[in-house]
Amino acid sequence: MPELPEVETIRRGLEKELVGHKILNVQVRVPKLLFGSPKDLTDQKILEITRRAKILIWRLENGFVAIHLKMTGQLIFVPKNAQEKTFIGGHPDKLYGGKLPHQYSHIIITFDNGILYFNDLRKFGWIKVLANSEDLKKEVGHLGPEYDWPEFSFDYFQSAILRRAKSPIKQVLLDQTIVAGVGNIYADETLFCAKIQPTRSVGSLTESEINTIYKCIPKVFQLALKYGGTSSRDYRQVDGSQGTYLKVAKVYGRQGLPCRVCGTPILRIKIGARSSHYCPTCQK
Ligand SMILES: [Zn+2]
């Protein structure tokens, strides 16, 4: 599942390729993945590409498009001028290699400067055509602030998490109404950065511990963005690799391996239905 830094990396890549360009044609090969009428997209220019949590948003001359890649969605842009580099973002599966379109290319959008393929092995992803900003609000209005918005202040964060004082902090960090876009990897990394065990109840945290967690959220995201998240811009060259962030992650996916700070083996436990990774020595 792509998380916020991965989706932001894709957003930046698509922004370079698509902003200012016109949609000429939309071919829908699996109708359930596209909500709305593909006809509403033709002849429209993309004015801006933004992101809310893990949802990509295209602002068109008339309306919006929202895209969620879910588990295995992938966007591949092949420029008209084959000299230019193809942009690939999303799930790095070897099955996706090879000639396009293929059996998992479910929606194909032709632009004046190239073709965008929406591939999805498991078909959980979607593209929604939204008529106006009211419809867009229905899609993303329930989400909490982004970590880099002024609304995401310490006072806001503290009072928002304290409403769930009895819950483990790990679970509360995953609550998308508190801060949008924190998924499993970055919740684990944030708690390692803050030296807090994931099982601690929010009510047991001191104000200074809450402040440390608050400051760690942007730190962890910024590091992940620097490494392009866990996805890579060009999977074909790195052959199914998971991108570079996991190479520097402190705890996520490192169960049994020595902590990068103290050498204690990293533990993996279940909290709710999700796995959590932490260092029992560094995290209190
Ligand atoms: Zn440690």
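Colleague: Which spacing do the donors of the zinc ion follow along the chain?

Modeller: This is a predicted model. In it, the protein donors of the zinc ion are the SG atoms of C259, C262, C279 and C282. Along the chain, these donors follow the spacing C-x2-C-x16-C-x2-C.

Colleague: How many residues apart are C259 and C282?

Modeller: C259 is in the loop between α8 (245-248) and β11 (267-271), and C282 is in the segment after β12 (274-278). The pair links distant parts of the chain, and the separation is 23 residues.

Colleague: What is the geometry of the site of the zinc ion?

Modeller: The donors lie 2.3 to 2.4 Å from the zinc ion. Four donors count as tetrahedral if all angles lie between 85 and 135 degrees. Here the angles among the four donor atoms are 100 to 115°, so the site is tetrahedral.

Colleague: Is C262 buried, partly exposed or exposed?

Modeller: Buried means under 20% relative accessible area, and exposed means over 50%. C259 and C282 are both buried, and C279 is buried at 0%. C262 has 34% relative accessibility, so it counts as partly exposed.

Colleague: Is the link of C193 and C216 left-handed or right-handed?

Modeller: C193 is partly exposed at 25% relative accessible area, while C216 is buried at 2%. The angle about their S-S bond is -75°, and the link is left-handed.

Methods:
Residues are numbered from 1 along each chain as its sequence is written. This is a predicted model: local features need pLDDT of at least 70, side-chain atom pairs count only at pLDDT 80 or more; totals for chains, interfaces and linings use all residues. Side-chain values use heavy atoms; hydrogens and water are left out. Donors are N, O and S atoms within 2.8 Å of the metal (3.2 Å for Na, K and Ca); water is not among the atoms, so sites may look incomplete. Four donors count as tetrahedral if all angles lie between 85 and 135 degrees; four count as square planar and six as octahedral if opposite donors are over 155 degrees apart and all others between 65 and 115; anything else is irregular. Helices (H or I, at least four residues) and strands (E, at least two) are DSSP runs, numbered from the N terminus. Buried means under 20% relative accessible area, exposed over 50%, partly exposed in between (1.4 Å probe, protein chains only). A disulfide is a pair of cysteine sulfur atoms within 2.5 Å.
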